[in-house]
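Hi,

Here is the structure I said I would pass on.

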Amino acid sequence: MEILRPASVYALVQGPVLAAMLALIAIEALLLILVFRRRYDAGETAASLGVALGNIAVRPLNRLIITAGLSAVAVFAPWQLPIDSVWTWLFGFVGVEFCYYWMHRFAHTVRWMWTTHSVHHSSGRFTLATALRLGWTSGLSGEWLVFAPLVLIGFPPVVIAVLLALNLLYQFFLHTELSPRWSVVDYILNTPAHQVSAQAEECVNYGMPPEHKYCSSSGN
Ligand SMILES: [Zn+2]
């Protein structure tokens, strides 16, 4: 049975990655205030960082639930794809992106999952700090079950965990209004330009009340 153990790698990179994110959040704040002369809501940022601290504190428990769940599913996989094959990672990337799309969709449409995900959308601002405003109950929400089919067809859970971590790291950079358009890349990948327009679409597609501050904050 493949045991999900990205924890040691994660522990190694967590500190530097977090430090880099905090530095970028500070740079974004300085740019917004000093260069673009925009109002910066320090209270919202403090709230986001507080939520992030809580998320980090309960992360080992969530990781334990998800690890146990996906490792149990892996028992039923008829085979294991080789972890040292580039094809496993390439097809794994496509699979994780596909599943992530559905996980996010379910997170908006299934009330049990929305209970956790709504925390992420509870800010009225759209800044890098908002990316760290993540719910504390991802293990209980069951959203990780969306990735179970990948495990069942043989993708090692650790491959899924690493690709998902990279996905979330990339998404940090999408949560800002300061990024310029990414030219032709805007037509291929999820970019900051999409995030702002997706906000309006999410409100309509997922039936979020228009009076919700997320829907009425015109891209923040
Ligand atoms: Zn969402």
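Let me start in helix 3, where the buried residues are Gly92, Val96, Cys99, Met103 and Ala107. The cover over these buried residues includes helix 4 (111–117), helix 7 and helix 8. Helix 3 is 24 residues long, and its end C-alpha atoms are 35 Å apart, close to the 34 Å expected at 1.5 Å a residue. Tyr100 also sits in helix 3. Tyr100 and Trp144 are 44 residues apart along the chain, with 9.2 Å between their C-alpha atoms.

Before you go further: this is a predicted model. Mean pLDDT for the protein is 85, and 80% of the residues reach 70 or more. Confidence is highest in helix 7 (residues 148–152), with a mean of 97, and lowest in helix 9 (residues 192–205), with a mean of 63. I'd keep that in mind when you look at helix 9.

The overall picture is quick to give. The protein has nine helices and zero strands. There are 220 residues, and 23% of them are buried. Looking at contacts with a separation of 6 or more, 72% are between residues 24 or more positions apart.

In general, nonpolar side chains in soluble globular proteins tend to be buried together. The largest nonpolar core here has 18 residues, and the members that touch the most others are Leu70, Phe147, Leu150, Val151 and Ile160. Helix 2, helix 3 (86–109), helix 7 and helix 8 (157–172) each give two or more residues to this core. Which of them gives the most? That would be helix 8, with five residues. A second, separate core has five residues, including Ile25, Leu128, Ala129 and Leu132.

Leaving aside residues up to four places away in sequence, Ile160 touches Gly92, Val96, Phe147, Leu150, Val151 and Phe155. Gly92 and Val96 are among the buried residues of helix 3. Ile160 itself is buried in helix 8, along with Pro157, Val159, Ala161, Leu163 and Leu164. Helix 2, helix 3 and helix 7 are among the elements that cover the buried residues of helix 8. As for its geometry, helix 8 has 16 residues, so it should span 22 Å at 1.5 Å a residue; the end C-alpha atoms are 23 Å apart, which agrees.

Where does helix 2 have a kink? The kink lies at Val58, shortly before the proline Pro60, and comes to about 50°. The buried residues of helix 2 are Thr45, Ser48, Val51, Ile66, Thr67, Leu70 and Ala74. Leu70 turns up again among the core members with the most contacts to other members.

- Arg37 is in the loop between helix 1 (7–35) and helix 2. Its phi is near 55°, a positive value in a residue other than glycine. Arg37 counts as exposed because there are 7 C-beta neighbours inside 10 Å, and the cut-off for exposed is 12 or fewer.
- Pro78 is in the loop between helix 2 and helix 3. Buried or exposed? Pro78 is exposed, with 7 other C-beta atoms within 10 Å. Pro78 and Gly154 are 76 residues apart in sequence, but 7.1 Å apart in space, C-alpha to C-alpha.
- His120 is in the loop between helix 4 and helix 5 (128–131). With 19 other C-beta atoms within 10 Å, His120 is partly exposed. Not counting residues up to four places away in sequence, His120 touches Arg133, Leu134 and Gly135. His120 and Thr130 are ten residues apart in sequence and 7.1 Å apart in space, C-alpha to C-alpha.

Cheers

Methods
Residues numbered from 1 in each chain as written. Bend = angle between axes of the 7 residues up to and from the residue. Helix = DSSP H or I, 4+ residues; strand = E, 2+ residues; numbered from the N terminus. Buried ≥ 20, exposed ≤ 12 C-beta atoms within 10 Å, placed from the backbone. pLDDT = per-residue confidence, 0-100. Contact = placed C-beta atoms within 7 Å. Core = buried A, V, L, I, M, F, W, Y, C linked by C-beta atoms within 7 Å. Expected span 1.5 Å × (residues − 1).
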